[in-house]
Amino acid sequence: MCWVSLAPRYVGSFEKGIDYVGDLAAFEADFAGHAAIARALGPYKLSLHTGSDKFRIYDIAARPTEGLLH
């Protein structure tokens with residue numbers, strides 16, 4: 001079996017229709033850890049929960065995944 005995408009539970013609040021609610025530095029550290037695991041054990045894409053409205057975290061999520069983001 002090969003993972004294609006995974007949506008782990010990240011720090012902060014992910015609610016439909018509103019931007020990310022939470023500490024951006026804490027999210028960045030949390031997401032970087034998940035990205036390191038995805039690179040080491042994958043590669044597989046990390047997904048953002050209800051990500052279509054999360055403008056505050058797009059850049060934070062894009063950097064450590066090196067394009068492996070869904």
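The radius of gyration is taken over C-alpha atoms, and the globule rule is 2.2 Å times the number of residues to the power 0.38. The model is predicted: local features need pLDDT of at least 70, side-chain atom pairs count only at pLDDT 80 or more, and totals for chains, interfaces and linings use all residues. Residues are numbered from 1 along each chain as its sequence is written, and side-chain values use heavy atoms, with hydrogens and water left out.

**Exercise 1.** Compare the radius of gyration of the protein with the globule rule.

Solution. For 70 residues, the rule gives a radius near 11 Å for a compact globule; the protein has 11 Å, which agrees. Along the principal axes, the C-alpha trace spans about 35 × 20 × 20 Å.

**Exercise 2.** Describe the largest nonpolar core.

Solution. Such a core is a set of buried Ala, Val, Leu, Ile, Met, Phe, Trp, Tyr and Cys residues joined through side-chain atoms within 4.5 Å; buried means under 20% relative accessible area (1.4 Å probe, protein chains only). The core has 13 residues, of which Y10, F14, F27, F31, L46, L48 and I57 touch the most other members. Elements giving two or more residues to this core are α1 (24–41) and α2 (58–65). The largest share, four residues, comes from α1.

Terms used
Buried means under 20% relative accessible area, exposed over 50%, partly exposed in between (1.4 Å probe, protein chains only).
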